[in-house]
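Please find below a colleague's note on the structure shown here. The points are numbered so that each can be taken up separately.

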Amino acid sequence: MSRIGNNPVAIPEGVTVDVKDNVVTVKGKLGELTQNYDSIEIKVEDGSVWVTRSSDTKDQKAKHGLYRSLMHNMIEGVSKGWTKELELVGVGYRASNQGQKLDLALGFSHNIVLSLAPEVKVETISEKGKNPIVKLTSHDKQLVGQVAAKIRGFRKPEPYKGKGIKFVGEEIRRKAGKSA
């Protein structure tokens, strides 16, 4: 039995959920998200979303908790939004943005210029004496995570000095260098 799938998802004020033809549409103050689903039932009752399955097949058990989590992420995204923060650790590593273009100086011969989707808001924070921070905000959790992973992939943190792009609060597993 799925413990997560059995919990209802509360719908806050200002958010509407429509279920039609195996497509769920969630609208809120920050935007609109849609999600296709199959082999389970999604119902909106008494200000909450209920996800149920008709049998205990392996496929339905797997999708039960998955679609409940997706509904929760969509509802929270259109009401509050999702944020990821990346920290650039290294000498000379810089980040700046002009609108939806993110310019990263990561020690390569040329800067990396990344055009971001219009749904993702980007903000760069550069303070003297601190590492630059790239802040990504959107109503779509999957999109924010995907963009953050792509940016992190340009220069992953290395285990010896800890240089690279890491998530704020992420612990890098450090290794000892050469011993004399």
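The points below treat the basis of the model, the record, a sheet, its turns and the salt bridges.

1. Basis. This is a predicted model, in which local features need pLDDT of at least 70 and side-chain atom pairs count only at pLDDT 80 or more, while totals for chains, interfaces and linings use all residues. Residues are numbered from 1 along each chain as its sequence is written, and side-chain values use heavy atoms, with hydrogens and water left out.

2. Record. UniProt, in an unreviewed entry, lists residues 11-81 and 89-166 for "domain: Large ribosomal subunit protein uL6 alpha-beta"; its positions are given in the numbering used here, feature names are shortened, and annotations may be inferred rather than shown by experiment. Helices (H or I, at least four residues) and strands (E, at least two) are DSSP runs, numbered from the N terminus. On that basis residues 11-81 are 31% helix and 35% strand, with end C-alpha atoms 14 Å apart. Residues 89-166 are 18% helix and 37% strand, and their end C-alpha atoms lie 8 Å apart.

3. Sheet. Three strands make an open sheet in the order β2-β3-β4, with antiparallel pairing; two strands pair if DSSP finds at least two bridges between them. The edges are taken by β2 and β4, each of which has a single partner strand, so one side of each lacks a neighbour in the sheet. On average, neighbouring strands of this sheet are turned by 15° against each other, direction ignored. Five bridges join β2 to β3, and Val19 stands opposite Val24 in β3. The antiparallel pairing of β3 (residues 23-27) with β4 likewise runs over five bridges; here Val24 stands opposite Gln35 in β4.

4. Helix on the sheet. Which strands does α2 touch as it packs on the sheet? Helix α2 touches β2, β3 and β4, and its direction makes about 170° with that of β4. Contact means heavy atoms within 4.5 Å. Axes are lines fitted to C-alpha atoms, for helices over the stretch in contact, and angles run from 0 to 180 degrees between N-to-C directions.

5. Faces of β4. In a regular strand the side chains alternate between the two faces of the sheet. Strand β4 (residues 32-36) has Leu33 and Gln35 on a covered face, whereas Glu32, Thr34 and Asn36 are on an uncovered one.

6. Turns and positive phi. Four residues lie between the strands in the hairpin of β3 and β4, and Gly31 takes a positive phi near 160° there. Most residues other than glycine have a negative phi, and most peptide bonds are trans. Asp21, in the loop between β2 (16-20) and β3, has a positive phi near 50°. Asp21 counts as exposed because its relative accessibility is 73%; buried means under 20% relative accessible area, exposed over 50%, and partly exposed in between (1.4 Å probe, protein chains only). Ser39 lies in the loop between β4 and β5 (41-45) and has a positive phi near 65°. At 31% relative accessibility, Ser39 counts as partly exposed.

7. Salt-bridge network. A salt bridge is a side-chain nitrogen of Lys or Arg within 4 Å of a carboxyl oxygen of Asp or Glu, and the count comes to six. Asp38, Asp59 and Lys63 are linked in a network of them. Lys63 and Asp38 have their closest N and O atoms 3.2 Å apart. Lys63 lies in helix α2 (residues 58-79) and Asp38 in the loop between β4 and β5, so the pair ties together parts that are 25 residues apart in sequence. In the salt bridge of Asp59 with Lys63 the closest N and O atoms are 3.6 Å apart; both residues lie in helix α2, four residues apart, about one turn of the helix. Lys63 is buried, with a relative accessible area of 17%, whereas Asp38 is partly exposed at 35% and Asp59 is partly exposed at 41%.

8. Glu87. Which residue forms a salt bridge with Glu87? Lys166 does, with the closest N and O atoms 3.6 Å apart. This pair links distant parts of the chain, with Glu87 in strand β7 and Lys166 in strand β13 (residues 164-167), 79 residues apart. Strand β7 itself covers residues 82-89. Glu87 counts as buried at 17% relative accessibility, and Lys166 is buried with a relative accessible area of 15%. The side chain of Glu87 also makes a polar contact with that of Asn131 (2.9 Å). A polar contact is a pair of N or O atoms within 3.5 Å; within protein, one must be able to donate a hydrogen and the other to accept it, and residues adjacent in sequence count only if both atoms are side-chain atoms. Leaving aside neighbours within four places in sequence, Glu87 is in contact with Asn131, Pro132, Gly164, Ile165, Lys166 and Val168.
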